[in-house]
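Subject: Structure handover and what was found in it

Dear colleague,

Please find the structure below, with notes on what was found when going through it. I would be glad if you read them with the structure open beside you.

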Amino acid sequence: MKLEICIDSFDGMIGAYFGGADRVEICSALTLDGLTPDPGLVDICCEYDNIEKFVMVRPRPGHFTYDDFEIGQMKATIIALKDKPIDGFVLGVLDSYGNLDIETMKELVYLAFPKKVVLHRAFDYSNDGEEKIEELIKMGVDRILTSGKKPKAVEGLDLIRDLQAKYGDKIEIMAGSGVNFENIKEIYEKTHIENFHLSASYTGQTEIDYDNFGKAFDDYRWTSSGLVEAARHAIDDLKNKKV
């Protein structure tokens, strides 16, 4: 069983690492559901061993239908980062009809090789994701992050269970969106997936409180090593019961 924490700062890396995560998804702007991170953050995360590191490749917020310039940017990101000591990339592309853009996905997966590729929640926004899984497997996609096409994973357990039952021996199915230490047990018992994706974060204010322009700084999203550790314990309890 694997615990993945999505992070967008060095603080997040520290929280994930010392909280006991197996893997991090390195992003920027988690408040926008994650964008391509700064290379400096990738570099500093790579200084930590014994934890898997996957890098988000998403050039902008919003929908997942990209023009040629944006696809070119995604390819440039992969080329720039693939020689770093990371384990893979997280990405997804839909066509203008809302279907998985299989041909573009192939290009990106092949470019990323030998690094692994994860399809992020573009799967949940697609019209035909369930119908394209065999093609994803064939092209070499390693894992699918999904909430079961619902706002929260606990609402999409039926689809997650069905995907796991049908494809779980060929591709990893990972639950994300609203996953936390309190519902990991329920998700596992109802789906039998073994990959859990969460932010383990809370919102708080920065210690810097000066205000020169009549507007306070926005609240900041912090990764909590305590919440990571609680999720780690929840997963370890399930692993011990399996044994």
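Helices (H or I, at least four residues) and strands (E, at least two) are DSSP runs, numbered from the N terminus. Two remarks on provenance belong here. This is a predicted model, in which local features need pLDDT of at least 70 and side-chain atom pairs count only at pLDDT 80 or more, while totals for chains, interfaces and linings use all residues. Residues are numbered from 1 along each chain as its sequence is written, and side-chain values use heavy atoms, with hydrogens and water left out.

Backbone

In the loop between helix 4 (102-112) and strand 5 (116-119) lies Pro114, and the peptide bond that joins Phe113 to Pro114 is cis, with omega at about 10°. Most peptide bonds are trans, and most residues other than glycine have a negative phi. Lys149, although not a glycine, has a positive phi of about 60°, and its place is the loop between strand 6 (143-146) and helix 7 (157-167). For accessibility, buried means under 20% relative accessible area, exposed over 50%, and partly exposed in between (1.4 Å probe, protein chains only); at 25%, Lys149 is therefore partly exposed. His192, likewise not a glycine, has a positive phi of about 65°; this residue is found in the loop between helix 8 (184-191) and strand 8, and with a relative accessible area of 47% His192 is partly exposed.

In helix 4, the buried residues are Ile102, Thr104, Met105, Leu108, Val109 and Ala112. Viewed down the axis of helix 4, they fall within an arc of 160°, so they line one face of the helix; the arc is that of the directions from the helix axis to the C-beta atoms. Glu103 and Tyr110 are exposed on the other side of helix 4. With contact taken as heavy atoms within 4.5 Å, the buried residues of helix 4 pack against helix 3 (68-81), strand 4 (88-91), strand 5 and helix 6.

Helix 7 has Leu157, Leu159, Ile160, Leu163, Gln164 and Tyr167 as buried residues. These residues cover an arc of only 165° around the axis, which puts them on the same side of helix 7. The face turned away from that buried side carries the exposed residues Asp158, Ala165 and Lys166. An α-helix has 3.6 residues a turn, so residues three or four places apart point the same way. The buried residues of helix 7 pack against helix 5, helix 6 (133-139), strand 6, strand 7 (172-176) and helix 8.

Two buried isoleucines

Ile171, in the loop between helix 7 and strand 7, counts as buried at 2% relative accessibility. Leaving aside neighbours within four places in sequence, Ile171 is in contact with Ile133, Ile137, Val141, Asp142, Arg143 and Ile144. Ile171 and Leu136 are 35 residues apart in sequence, yet 8.8 Å apart in space, C-alpha to C-alpha.

Ile7 belongs to strand 1 (residues 2-7) and is buried, at 0% relative accessibility. Beyond its neighbours within four places in sequence, the contacts of Ile7 include Cys27, Cys45 and Thr223. Between Ile7 and Trp222 there are 9.1 Å in space, C-alpha to C-alpha, although they are 215 residues apart in sequence.

Cysteines

How many disulfides does the structure hold? It holds 0, where a disulfide is a pair of cysteine sulfur atoms within 2.5 Å. The sulfur of Cys6 is 6.1 Å from the closest cysteine sulfur, in Cys27, which is too far for a bond. Cys6 is buried at 8% relative accessibility, and Cys27 is buried at 1%.

The largest pocket

The largest pocket has a volume of about 550 Å³. On a 1 Å grid over the protein atoms alone, a pocket is an open set of points where a 1.4 Å probe fits, with protein on both sides within 12 Å along at least five of seven lines, and lining residues have an atom within 4 Å of a point. Grid points are joined across faces, edges and corners, and the volume is the space filled by probe spheres set on the points. Among the 28 lining residues, Cys6, Asp33, Arg121, Ser177 and His197 are the closest to the centre of the largest pocket. Helix 5 (122-125) and strand 8 (195-198) are the elements that give two or more residues to this lining.

With best regards
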